[in-house]
Amino acid sequence: MSTLEIRDLHVSVETKEGPKPILRGVDLTIESGQTHAIMGPNGSGKSTLASALAGHPKYQVTSGTVTLDGEDVLEMSVDERARAGLFLAMQYPVEVPGVSVANFLRTAKTAIDGEAPKLRTWGREVKEAMGNLRIDSAFSERSVNEGFSGGEKKRHEILQMELFKPQIAILDETDSGLDVDALRVVSEGVNRAKENTDVGVLLITHYTRILRYIKPDFVHVFVDGRIAEEGGPELADRLEEEGYDKYVGTSAPAAV
Amino acid sequence: MTTTTDLTTDHSRAVADGSHTHSPGAASAAPQGSRAERLTSFSLDDIPVPTGREEEWRFSPVARIQPLFDGGLTTAGADGSGVRVSVDAAPEVKVETVGRDDARLGKAGKPGDRTGVAAWNSFEQATIVTVPAEAVASDVTSVRFDGEQAGATPSAAHVLVKAEHHAEAVVVIDHAGLATLNQTVEIDVADGAQLTVVSVQDWADGAVHASSHRARIGRDAKLKHVVVTFGGDVVRITPDAEFTAEGGEVEMVGLYFADSDQHQEHRLFVDHAVPRCKSRVTYKGALQGSGAHTVWVGDVLIQADAEGTDTYELNRNLVLTDGARADSVPNLEIETGEIDGAGHASATGRFDDEQLFYLMARGIPETDARRLVVRGFFAELIQEIGVESVEERLIASIEAELEKSMSVITGAAAPADGAEEAE
């Protein structure tokens with residue numbers, strides 16, 4: 001049982017003109033087994049929240065707190081956060097030439113668990129997880145994300161979520177760029193992880209379509225760097241109908 | 001704290017044709033554009049001591065190389081030279097020590113710069129490694145140069161590796177310890193032979209080494225030429241490859257890793273003088289620490305007769321810390337349109353912080369993440385070497401390099417946990 005608590009979080013991004021505030025007081029609590037969807041128009045700061053929680057150096061926390069089971073996340077380095085149980089499925093996974101997927105997965109798993117995974121069971125586990133996500137076994141020998149299609153990159157992110165078994169997973173627009181089939185495969189992966197590990201999920205998305213596959217317990221509408229409205233799954237349905245117009249004033253359809 | 005990183009990718013000397021004209025007499029004073037017209041000679045009088053402004057010396061710390069411009073150096077391996085030369089040959093391979101008047105010497109190309117001509121005029125004895133015709137060496141042949149004293153007398157060495165027709169062998173030339181060495185490595189690959197020559201510069205700090213590698217490649221012969229440079233204060237290797245008959249192939253692979261105040265220079269020249277030959281040049285380097293300087297110059301000349309030439313050269317540099325400098329200059333001169341392919345690529349990049357973030361966001365500590373990225377950068381190239389013992393040593397050397405300065409790197413990198421920057 002884990003709890004990620006975000007309190008009055010303010011975050012700025014470094015720009016040439018100096019620090020620019022993006023998040024303006026975010027309050028959010030995520031517990032194991034819960035799925036929270038954060039929805040909002042482009043530029044509302046959704047992805048900034050994801051990156052700041054993971055500790056991307058581009059983002060500076062100017063005030064507020066983030067704790068995981070009472071531990072101060074903001075005091076932790078990027079790798080410490082991951083080892084503490086936070087996972088970020090990135091919107092734009094990074095290519096790492098010359099580092100094979102197999103080597104990468106084993107190295108990360110070893111770092112997270114604090115010991116090398118058992119050779120025999122690990123191989124089987126990876127193979128099975130790849131099979132479930134329809135990732136060809138030849139990917140093991142390919143360089144991380146290098147030459148992967150958009151869909152392959154996203155499946156590789158979810159593969160890691162399934163294998164690393166985090167306490168809290170943040171999925172940053174994992175649905176973007178996916179066709180219907182890929183969206184279903186990826187969503188099944190997330191649901192498997194929820195079932196198997198009771199992971200708490202923070203699902204960041206612009207559109208409602210992924211919520212047809214991954215059922216949220218809570219929906220938060222994110223506008224201008226803070227949560228503007230909260231509700232249950234029915235809020236997503238309303239956003240599908242009405243879009244974000246009511247929050248931003250200008251025309252910005254949520255779902256098409 | 002901000003330190004400017006000087007990244008240089010100089011394409012200014014890339015030329016697409018042989019339109020330059022230089023009067024042959026003015027060879028040494030003015031910068032020379034075309035490799036076709038670069039003066040080569042066995043005579044010290046023809047190639048004077050450089051000032052540092054010459055095209056082939058413009059990136060080099062000429063003052064530090066000065067001792068090697070002398071045309072009367074002691075022979076490496078002789079008493080008082082401070083260098084031990086040892087050979088461990090495969091049973092099929094013949095090794096001789098011969099005088100400088102041996103008729104087999106000086107057949108592969110001619111010296112093209114001052115260190116080259118000084119080395120040629122200095123040595124009294126040379127080492128000849130011969131792989132007899134049609135022999136297939138069952139093991140690696142190793143030639144070692146071990147520098148044994150501090151403040152060593154500058155010395156000169158001459159090695160000829162000769163693969164007779166249809167012979168096959170791997171020869172590894174090692175350099176370690178402390179020495180000031182000027183060297184020539186002649187490589188003669190006769191018709192149908194397949195030879196791999198690996199030169200490893202794993203010198204101790206303080207070593208200064210210049211080496212002119214001159215290879216000639218016969219009909220349907222193949223040379224794999226590998227250069228690995230890690231140690232030494234100044235290392236300057238100038239491999240030349242010349243095709244003498246059709247169907248020849250050369251693969252030139254280089255890997256270097258420069259630390260603070262190290263100068264590592266690799267200048268290659270592939271001369272496509274005859275038709276239907278193939279060349280591939282791939283050099284990769286990493287740099288770390290202030291004053292680390294690498295230079296890669298790749299000249300390829302496709303002469304008017306060299307129809308059906310296929311050539312590609314590539315240089316990549318990975319700058320790991322501030323204060324290091326990589327110069328990279330590919331030159332391609334094409335004198336005929338009837339070629340199969342000719343290209344080059346050069347890129348120098350900083351360590352990618354997004355790669356680091358991605359790996360660390362998977363729980364991998366920063367030092368391990370950096371190690372993974374650098375290993376990955378070299379991985380493909382190491383596999384291309386194809387000599388297992390060398391590959392293993394190389395991986396270990398890269399690890400050692402990273403170990404050496406990892407504390408510097410982690411100290412230089414901004415921590416991601418919100419710690420204050422020291423001002």
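Val85(B) sits opposite Phe145(B), a residue of strand 6 of chain B. This is a predicted model, where local features need pLDDT of at least 70, side-chain atom pairs count only at pLDDT 80 or more, and totals for chains, interfaces and linings use all residues. Residues are numbered from 1 along each chain as its sequence is written, with chains lettered from A and ligands numbered from 1 in the order in which they are written.

**Around strand 6 of chain B**

- Strand 6 (residues 141-148) runs antiparallel to strand 3 (residues 83-88) of chain B, and six bridges join them; strands here are DSSP runs (E, at least two residues), numbered from the N terminus, and two of them pair if DSSP finds at least two bridges between them.
- With strand 8 (residues 168-178) of chain B, strand 6 pairs in the parallel sense over eight bridges; there, Glu148(B) has Leu178(B) as its bridge partner.
- Thr141(B), Val143(B), Phe145(B) and Gly147(B) point to one face and are buried (20 or more other C-beta atoms within 10 Å of their own, C-beta atoms being placed from the backbone).

**Where A meets B**

- The contact (C-beta atoms, placed from the backbone, within 7 Å) takes 25 residues from chain A and 25 residues from chain B.

**Confidence**

- The complex gets an ipTM of 0.95 and a pTM of 0.81 from the predictor.
- Chain B has a mean pLDDT of 87 (the predictor's confidence in each residue, from 0 to 100), and 87% of its residues reach 70 or more.

Key. Contact = placed C-beta atoms within 7 Å. Buried ≥ 20, exposed ≤ 12 C-beta atoms within 10 Å, placed from the backbone. Helix = DSSP H or I, 4+ residues; strand = E, 2+ residues; numbered from the N terminus.
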